[in-house]
Amino acid sequence: MLSIPINSLLPSAPRLVTSLPGPRAQAIVERDRAVTSPSYTRDYPLVVARGEGCMVEDVDGNVFLDMTAGIAVTATGHAHPEVVRAIQEQAARLLHMSGTDFYYEPMVELAEQLALRAPFAGGDTTFPAKVFFTNSGAESNEGAIKLARYYTKRSLIVAFLGAFHGRTYGAMSLTGSKAVQRANFGPLVPGVTHIPYGTHASLDYLEKNLFTTILPPHEVAAIVVEPIQGEGGYIVPEDGFLQRIREICDRYGILMVVDEVQAGMGRTGRLFAIEHWGVTPDIITTAKGIASGMPLGAILSRPELMTWPPGSHATTFGGNPVACAAGIATLRLLDSGLMANASRMGEILQAGLTQLHEKFLNISLPRGKGLMVAVDLLDEAGNYNPKLRDRIIQEAFLRGLLLLGCGKAAIRFCPPLVINSDQIQTALDIISNVLIEIL
Ligand SMILES: Cc1ncc(COP(=O)(O)O)c(C=O)c1O
């Protein structure tokens, strides 16, 4: 059964009561400009006061339909009552004790729940994974690099152009997304080689050119790959690409690290996106949707890989009890209907976007899985049209629809997994109206 909050306070469709940004939002944006880092990337002046399901209300009382889920995070919807209750109850009992030095049950319970669902074969059949908790996606990837190097005693890593793995030094060194994310930050962590994403030609190049010249495969610790490239444009790889990475890893004793930070936790209709391809990775990194908005991430590995000794890797806050309580509630909701809803709604969304593609030459066919879907915006000659993409995102905001871009000229759709078909239709209608007006 799909668990949708009752006693809704917000309408289920956009409701605008001021011009945008409204006066309160405008004042907060100005205060923000004076004191926060200019490195944040706000596309439009949305100042959120509260959220519920797929809707968010700004400080002026305007209500928006959220196709972003706060960058693919609020898996169970904004402020799902069961998640909120779990957080409140846990907060009243214990806010923090640090799982690095002490024990508490929510951390153990969430680790058990994740380990039971991890798509690893073999090993301990009761718990086919071990779990290390972090505070973010970047931190999960940092830890995964360390674990892969520690376990294999090798230093080199293969990653992909277009990949996004985070902005801390190790994660940034894997990231191959935008020049601005690297410019003037060097030197980065050495030993990372990037190859194009998603194609067999790229893996041919790795094996036939790189492995035979500058990249001795027996010195490669890990291939780090997103099962669907997220920030890079919601790119679904060619058939057999992920299977072939597994084969290459097996051939040379390399670990396959799958970054599920954006694609994981039910968004694609499976708990982990890699399950769509039946590939067994060695390490999975996750974060974002894992605790519906509480800061939490995790590294899952085959149990035998976590051989690092006490003190070799730890964190004060990772696995915080309140975040873990939210994670346990999130998993329960994913299992009891939300993952299935993501599959169903994803099909409806792709069907609707296909109709938009048939109506407007400037919209590509959709791609993705579940509720991880994108379309490219194109010019008349079929080239990427980032200006049109940016304009649509702005115009949609002014009509009460929250969208995010990704890739070269894509709009991504990563709504909370509680979205329903009426809300999908509302989003499609708004985009259609925007296109009719601006083209
Ligand atoms: C695939 C992927 N990995 C890692 C990250 C970094 O996560 P965080 O921003 O929590 O550090 C992101 C963030 O967008 C991501 O999409």
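**Around the ligand and beyond**

A: Among the 15 residues around the ligand, those that come nearest are Ser136, Gly137, Ala138, Val261 and Gln262. A residue is near a molecule or strand if its C-beta atom, placed from the backbone, lies within 6 Å of it. The model is a predicted one: local features need pLDDT of at least 70, side-chain atom pairs count only at pLDDT 80 or more, and totals for chains, interfaces and linings use all residues. Residues are numbered from 1 along each chain as its sequence is written.

The shell around the ligand holds 5 nonpolar, 7 polar and 3 charged residues. Here Ala, Val, Leu, Ile, Met, Phe, Trp, Tyr, Cys and Pro count as nonpolar, Asp, Glu, Lys and Arg as charged, and the others, Gly among them, as polar. Helix H5 (residues 137-152) gives the largest share of this shell, 3 residues. Helices (H or I, at least four residues) and strands (E, at least two) are DSSP runs, numbered from the N terminus.

The loop between H5 and S5 contains Lys153. Its phi is near 60 degrees, a positive value in a residue other than glycine. Most residues other than glycine have a negative phi, and most peptide bonds are trans. Is Lys153 buried or exposed? Lys153 counts as exposed because it has 8 C-beta neighbours inside 10 Å. A residue is buried if 20 or more other C-beta atoms lie within 10 Å of its own, exposed if 12 or fewer, and partly exposed in between, with C-beta atoms placed from the backbone.

Next comes strand S5 (residues 156-160): 5 of its 5 residues are buried, so the strand is largely enclosed by the rest of the structure. In a regular strand the side chains alternate between the two faces of the sheet. On one side of S5 are Leu156, Val158 and Phe160, on the other Ile157 and Ala159, and all are buried.

Strands of a sheet pair through backbone hydrogen bonds, either parallel or antiparallel. S5 runs parallel to strand S7 (residues 220-225), and 3 bridges join the two; two strands pair if DSSP finds at least two bridges between them. In S7, Ala222 stands opposite Ile157. Strand S6 (residues 192-195) also pairs with S5 in the parallel sense, over 4 bridges. There His194 is the bridge partner of Ala159.

S5, helix H6 (residues 169-174) and S6 make a right-handed β-α-β unit. A crossover is right-handed if, with the strands pointing away from the viewer, the path from the first strand over the helix to the second runs clockwise. The loop between H6 and S6 holds Pro187. The peptide bond from Gly186 to Pro187 is cis, with omega near 0 degrees.

The centres of the two domains, taken over C-alpha atoms, are 31 Å apart.

Another positive phi, of about 60 degrees, belongs to Ser292, which is not a glycine. Ser292 sits in the loop between strand S9 (283-286) and strand S10 (297-301). Ser292 counts as buried because it has 33 C-beta neighbours inside 10 Å.

Strand S12 (residues 372-376) runs antiparallel to S15, with 4 bridges joining them, and Asp376 has Ala410 as its bridge partner. Strand S14 (residues 404-406) pairs with S15 in the antiparallel sense over 3 bridges. Here Cys406 has Ala410 as its bridge partner. S14 and S15 form a hairpin with 3 residues between them, and Gly407 in the turn has a positive phi of about 60 degrees.

Methods
Domains from an automatic or database assignment.
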